[in-house]
Amino acid sequence: MNTSEPKERDHSQESTWTLVFLAWLIASVSALGALFLSQVMGIAPCVLCWYQRIFMFPLVFILAAGLFPFDARLVRYALPLTVVGWMIALFHVLVVADVIPENIRPCAQGIPCKDQQIEWFGFLTIPLLSLIAFSLIGLLLLLTYFKASK
Amino acid sequence: MKKRVQVKKDVQIKREGIQLKKTLFIGSAVLLVLVFVIGIFLYESERLDKSAKAAAENQAFLVREHAPRLGPADAKVHLVEFFDPACGTCREFYPLVKDLMKANRDKISLSLRYAPFHAGSDNVVRILEAARKQGKFWETLEAVLASQPFWAPNHKAQVELLWPQLGKLGLDFERIRRDMYAPEIDSIIKQDLADAKALNVTMTPEFFVNGRPLADFGYPQLKKLVNDAVAKAY
């Protein structure tokens, strides 16, 4: 009984670790992808893209720091970033989809946020990719939170 | 006894688990960076292929009668620069290009083409073209580039801020204001932008030496391309 207890806990920690690792992978791919689009392909990021970057880039480091040694409390630090980033991404998607009216768009200056340079498979735009990434990271972090608090 | 062995085993499993996780993490990080770097190479080589091909196919788009030209018309090396008056790198390259011209006097000529990608910089091109009608193109260009930080705050060209910077050139501002929206200037800008697109010019400045695009952007690379062309032609 005594020996199986810590083993049991170890096992659940194993799977929460994997969840955070996956979240880190998604954040890293998103960050590197964003850098590739702007620095290599020369697509200038608009204002909303910058705000999403502000919330995505630190996730790469916060999640990595929480992996070694594993600390489930990282959810407390990473989730607020994810939620705000997710909201900005959602706003951006709605701007692109023309749901949000002209006058409350914050991107009057410089690069228009509505113009989409990339549309993979006819629907996958950069802000949509961002929204998907933030959603997945958020879900993984929530799962981590519930598993760890059990 | 049995219990202690079990605990020892657990500790060992745990240690192995951490090692595995670290390997997984570092491996993924290295893989991601590797994919990124390979992606850069693939993308750049494809872009270069494309622009070299576009330049080869579209030589006619490179040289236009209307483009301002410096240096002897019979020079065997022809440098074409697509530039944006509001672009900071173009400003930095201007004296370097002048040095190149000086170093290869009589052997090289320069054509300037407009690629006003920045907001509002097409109006600056209009002023340049209107000044050209008064025979003051190059002086105006130098003044425009020199004073760029004053009239292009935040990469946005503002003509109102540019006027005071051109005061010493003896330009007839009334005439410039009248000339700058002439239809022939419209068509020059339109033509240059269309040619830039056909030649795959997406960033400024972009240089072509005897029709060959600059493979890797930078002054040493430009100098080498020019010197090679001069050595080949003379």
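Of the 150 residues in chain A, 30% are buried. The structure is a predicted model, and local features are described here for residues with pLDDT of at least 70. As for how the chain folds back on itself, take the contacts in chain A with a separation of 6 or more: 76% of them link residues 24 or more positions apart.

In chain A, helix α2 (residues 47–67) packs against helix α3 (residues 74–96), with the axes 9 Å apart and at an angle of about 155°. Angles over 145 degrees count as roughly antiparallel, and that is why α2(A) and α3(A) are described as roughly antiparallel to each other. Their crossing is left-handed. On the α2(A) side, the contact includes A:Leu48, A:Tyr51, A:Phe55, A:Leu59 and A:Ile62, while the α3(A) side includes A:Leu74, A:Tyr77, A:Leu81, A:Ile88 and A:Phe91. Sorted by class, the contact of α2(A) with α3(A) has 16 nonpolar and five polar residues, with no charged ones.

Next comes helix α4 of chain A, which covers residues 126–149. With 24 residues at 1.5 Å a residue, α4(A) should span 34 Å; its end C-alpha atoms sit 35 Å apart, which agrees. Several residues of α4(A) are buried, among them A:Ile126, A:Ser130, A:Phe134, A:Ile137, A:Leu141 and A:Thr144. A bit of helix geometry is handy when looking at a list like this. An α-helix has 3.6 residues a turn, so residues three or four places apart point the same way.

Chain B has a helix pair worth a look too. The axes of helix α4 (residues 121–132) and helix α9 (residues 183–198) of chain B come within 10 Å and cross at roughly 125°. The two helices, α4(B) and α9(B), are therefore oblique to each other, and their crossing is right-handed. From α4(B), the residues making the contact are B:Asp122, B:Val125, B:Arg126 and B:Glu129; from α9(B), they are B:Ile185, B:Ile188 and B:Ile189. By class, the contact of α4(B) with α9(B) has four nonpolar and three charged residues, and no polar ones.

Finally, the chains meet each other: 17 residues of chain B are in contact with 17 residues of chain A.

Conventions:
Residues numbered from 1 in each chain as written. Chains lettered and ligands numbered in written order. Predicted model: local features only at pLDDT ≥ 70, side-chain atom pairs only at ≥ 80, totals over all residues. Contact = placed C-beta atoms within 7 Å. Buried ≥ 20, exposed ≤ 12 C-beta atoms within 10 Å, placed from the backbone. Axes fitted to C-alpha atoms, helices over the stretch in contact; angles between N-to-C directions. Helix = DSSP H or I, 4+ residues; strand = E, 2+ residues; numbered from the N terminus. Parallel < 35°, antiparallel > 145°, perpendicular 65-115°, else oblique. Left-handed = near helix turned anticlockwise from the far one by under 90°. Nonpolar A, V, L, I, M, F, W, Y, C, P; charged D, E, K, R; others polar. Expected span 1.5 Å × (residues − 1).
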